[in-house]
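Grab a pencil and work through the exercises below with the model open beside you. Each one sets a task, then walks through a solution.

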Protein chains: 2
Amino acid sequence: MATPGAGFWSFGTEEGSGDPDNPGTAKAWCQAAQKFTGGISTKLCALLYGDGDKTTETGATKADPGSAARKGACTCSGKPCACQKGELSYAFLHASDLLPASEGEAITLAFLQDVVDILLQYMVKNFDRSTKVIDFHYPNELLQEYNWELADQPQTLEEILLTCRTTLKYAIKTGHPRYFNQLSTGLDMVGLAADWLTSTANTNMFTYEIAPVFVLLEYVTLRKMREIIGWPGGAGDGIFSPGGAISNMYAMLIARFKMFPEVKEKGMAAIPRLVAFTSEHSHFSVKKGAAALGIGTDSVVLIRCDERGKMIPSDLERRIVEAKQKGFVPFLVSATAGTTVYGAFDPLITIADICKKYKIWMHVDGAWGGGLLMSRKHKWKLNGIERYANSVTWNPHKMMGVPLQCSALLVREEGLMQSCNQMHASYLFQQDKHYDLSYDTGDKALQCGRHVDVFKLWLMWRAKGTIGFEAHIDKCLDLAEYLYNKIKNREGYEMVFDGKPQHTNVCFWYVPPSLRNTEDNEERMNRLSKVAPVIKARMMEYGTTMVSYQPLGDKVNFFRMVISNPAAAHQDIDFLIEEIERLGQDL
Amino acid sequence: MATPGAGFWSFGTEEGSGDPDNPGTAKAWCQAAQKFTGGISTKLCALLYGDGDKTTETGATKADPGSAARKGACTCSGKPCACQKGELSYAFLHASDLLPASEGEAITLAFLQDVVDILLQYMVKNFDRSTKVIDFHYPNELLQEYNWELADQPQTLEEILLTCRTTLKYAIKTGHPRYFNQLSTGLDMVGLAADWLTSTANTNMFTYEIAPVFVLLEYVTLRKMREIIGWPGGAGDGIFSPGGAISNMYAMLIARFKMFPEVKEKGMAAIPRLVAFTSEHSHFSVKKGAAALGIGTDSVVLIRCDERGKMIPSDLERRIVEAKQKGFVPFLVSATAGTTVYGAFDPLITIADICKKYKIWMHVDGAWGGGLLMSRKHKWKLNGIERYANSVTWNPHKMMGVPLQCSALLVREEGLMQSCNQMHASYLFQQDKHYDLSYDTGDKALQCGRHVDVFKLWLMWRAKGTIGFEAHIDKCLDLAEYLYNKIKNREGYEMVFDGKPQHTNVCFWYVPPSLRNTEDNEERMNRLSKVAPVIKARMMEYGTTMVSYQPLGDKVNFFRMVISNPAAAHQDIDFLIEEIERLGQDL
């Protein structure tokens, strides 16, 4: 069991450490420590010794930092205390000793710094190929290995630090170069820093009043994304929402309102039966949204796809006509730019022509594929989005590597979101405030409070530039092509669909030796369907890598490899292949 | 303009610093620095000098840390470099030099540590009464003062650190002892640490596979919350959702499904016209949810409130009967435990009797008031919730001080959320995985990806214990009573409603001298309505404090003071009163 951060203020016993009663030595240490750790040491030194270089400080010092310092040497007066030689131990401190507790500043800084140390250690391991991606435990094991229960009494800060370590011990290293399990992988350092800042600022997106910078950055960032989509002047509207499913639901909601604004007051009872269209390979959130919005999943028509997973436009048109003949009202086509499993891009130009012809709202679910708009080499795959799409879902937390969660819904027509969602709650969105109220975003959202999701994207964008995102995306697509070329003719592999992948999705079966050269019948399919789940389970038990599998339509379980991880390299692709073969050859 | 963290590796020129070419001295520094900053120094020292105490390290060291160290002294070869004496400057480093860049570890650790230093400085200022709550700038000023635009080219890490400082310079100090503007205030140190950890773990709640600990903690925490509500054995279901508005929408969605499960497939067209009931003081999200779900805002009947803002049960029953007579189907009553403005608690027991009599789903919106369940002294205000409520919204990010965002929806009947929302997306929620799939939460959610909101609440609960939350809540309510007692008979104050506040909401008009003893007519009301906005604008311009105001019904703009901030003390209440009088006496 690790001892968390016990040594922070433990002076005077270990070899090589100085004498805390000798301020000269301690002061020298402080000066030295500042070279290594920046401003935090300055603050700590000031608190510990009542001096130190205060040039980086502004306004936050106590009247007599020395008093805090002397207390700092032992703050446990009145509590059970194991102090020897001025040692401060977390074993006798609690959350109630942290700020805003009086004299809590030094303890708080020490505690948060120790948490950061734990996080940085974990973060470094994330990138280390010699560590496990996952230390897998079954739910019942995990429940038994540690006491996770909540109690009436507080735990000590020592226990809290231990808990942080334990939590990370069992976490999945989603930034590990060999983690390929989801569309969102990787751990961006600037994004992480931005998320830490967001947590520290701890505010809410609903008004400019309480989130001035973040509200402006959302405005700037959404406009930039609309420019990249290609809408004239970046005009339009949008919002960062809690994930692609909600973004897609927003699109349906706005499309319905655009066609039948009375639905807001009168409900679905007052309008004709609506029908939405999306491909059979589209994300399940289109159906989920239809269920929630009172449209019903039966009113979502699934359009057939070609063998590459792209929507077949002629089938779309046929089904639209059919719906109209039944007296229903087609109101939305949700085309997919980057399907979840195949990574397919629906033919947006042809779909757009159909939407135009039948006057239907065209939504593009680019949650996964939207990122390709950042690449001059690959953006053609979304051609048509600029001219026709009425709304676009685009999740920077997927292909652009922004920490979870960061999903944008972009809308071409300005003002529509506001009309659709506003409830004129004057107690929240006062109309007589002293600044330009157009910056208050709360009333156009479905949410009231809304987490700040923009800052991590914005700061990463500043740090990488558009060209940095482009380089990342191009590299991921190159790696996918490398994988495809490596396995397409390799013994024991069958591709789920032919041809070079359009996105980073590479879908394949691994066929173990016992199933090679066997007759293609039901029994073989049955056995093949069990291969990927067993290999995946073994991967997780060894903890070496993670990749997803699933069935789709009449195709039994196959691996879906995706690459969005900036840490992944050719060696990791090679490793994945070797690992699948190692774990699957006996099946 | 501040110079962010430029000095990290700047050796050899400043007074008192040692000689970097002398490893003996540097090593001594390292040993000293470790005493101040824990494990991070160990790592940095190892990287810089190729040795140092590695006992806290596990598996993350490079084959030859010395080579990184020597490079570390100047990594800018091949770039424009201002190096003197081995100085490393962020002015020549970019995001591409950070991990996963090869040899990026030392730079990354230094960069993140410098970000943390900036955050800790901000965090300390948050609690310092001598600093401003807000450095207010109008949107156009803020857009002009700094270039917030996104560009093709990357910025340097120096610019990124500067940007972090600038962002925080204009941020609202939501943890400041004099920030009372929202229901969510304060900055909890353990919650902050937990949120930093959550960002670092960077995963998604949808399966146990990729978030084993967080999924279990959600299970443990929701069960504990249901126990505290008083449902037998803590049985039931629930989810952490992105805010109270979405939690309330979930409740409507589930209530509708419970009564008419066919709505999921067939939509609202297939079922009778539904009607929901909530008080005229309830949160606007009930109407917003009804609009989104295709029920329509006209089908939300607003029940009259008494003078304290509590729903009048007899009016509820009358309106239910009326709706039934019209052939509509009453399906949901959303009672409020802690209204937004008055902090009123609807009479849950009587409302429950009515819901029972007419077989209507009873939802309790305890987004604001739910926290009082943690207090033995105040939980009686929610009496009835344990026996009757079918669902409860409870936002720990409000009264319990958990960082934004943390909102729970608790449901009494198990399995209903799953049936209501599941879409059987086998490509995401594989049914042949090797662990107990009941822990996969994705298919019961409206969202697909879902941010980890539970860890900050759970870790705070461990650190404070239930008694810690109780003490915080009791203290906030005491402070509200202190304010109430202080102003109820004070010259220049009029209370919006009589009697001691039930929650921490204290609603009052400040009447400036010019309006005292004037006739109570329209002109006076008109002038009084402008007082709070002007005082608020002045507060923001001085930056001294922030408190909300709003009109409600026939009552013109009044101040709504709320206290959820753990940093607030009696002196801050006194300050608020003085400040209102200082800023408003000339009006």
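A quick definition before we start: the expected span of a helix is 1.5 Å times one less than its number of residues. Helices (H or I, at least four residues) and strands (E, at least two) are DSSP runs, numbered from the N terminus. This is a predicted model, where local features need pLDDT of at least 70 and side-chain atom pairs count only at pLDDT 80 or more, while totals for chains, interfaces and linings use all residues. Residues are numbered from 1 along each chain as written, chains are lettered from A in the order in which they are written, and side-chain values use heavy atoms, leaving out hydrogens and water.

**Exercise 1. Check the span of helix 18 of chain A, then work out how enclosed it is.**

Step 1. Helix 18 covers residues 570–584 of chain A, and its 15 residues should span 21 Å at 1.5 Å a residue. The end C-alpha atoms sit 21 Å apart, so the two values agree.

Step 2. Now for burial: buried means under 20% relative accessible area, exposed over 50%, and partly exposed in between (1.4 Å probe, protein chains only). In helix 18 of chain A, 11 of the 15 residues are buried, so the rest of the structure largely encloses it. Among them are Asp572(A), Phe575(A), Glu579(A) and Gly584(A).

**Exercise 2. Find what Asp572(A) pairs with, and say where the partner sits.**

Step 1. Side chains of opposite charge can pair when their charged atoms come close. A salt bridge here is a side-chain nitrogen of Lys or Arg within 4 Å of a carboxyl oxygen of Asp or Glu.

Step 2. The partner is Arg129(A), with the closest N and O atoms 2.6 Å apart. Arg129(A) lies in the loop between helix 4 (105–126) and helix 5 (139–145) of chain A, 443 residues from Asp572(A) in helix 18.

Step 3. Asp572(A) has 0% relative accessibility, so it counts as buried. Arg129(A), at 27%, counts as partly exposed.

**Exercise 3. Is each residue of the Glu470(A)–Arg376(A) salt bridge buried or exposed?**

Step 1. These two side chains meet at 2.6 Å, N to O. Glu470(A) belongs to helix 16 (residues 454–487) of chain A, and Arg376(A) to the loop between strand 6 (361–365) and helix 14 (385–388), 94 residues apart.

Step 2. Glu470(A) is buried, with a relative accessible area of 10%, whereas Arg376(A), at 66%, is exposed.

**Exercise 4. Describe the contact between chain B and chain A.**

Step 1. Taking contact as heavy atoms within 4.5 Å, 188 residues from chain B and 187 residues from chain A take part.

Step 2. Buried area is the accessible area (1.4 Å probe) that two parts lose on being put together, summed over both. Here that is about 16,000 Å², with carbon and sulfur atoms giving 66%.

Step 3. Between the chains there are 8 salt bridges. One joins the side chains of Glu209(B) and Lys536(A) at 2.5 Å, N to O. On the side of chain B that touches chain A, helix 4 (residues 105–126) of chain B gives the most, with 17 residues.

**Exercise 5. Which residues surround Ser334(B)?**

Step 1. Find Ser334(B) in strand 5 (residues 329–336) of chain B. At 2% relative accessibility, Ser334(B) counts as buried.

Step 2. Leaving out residues up to four places away in sequence, Ser334(B) touches Phe277(B), Thr278(B), Ser279(B), Val286(B), Met311(B), His363(B) and Asp365(B).
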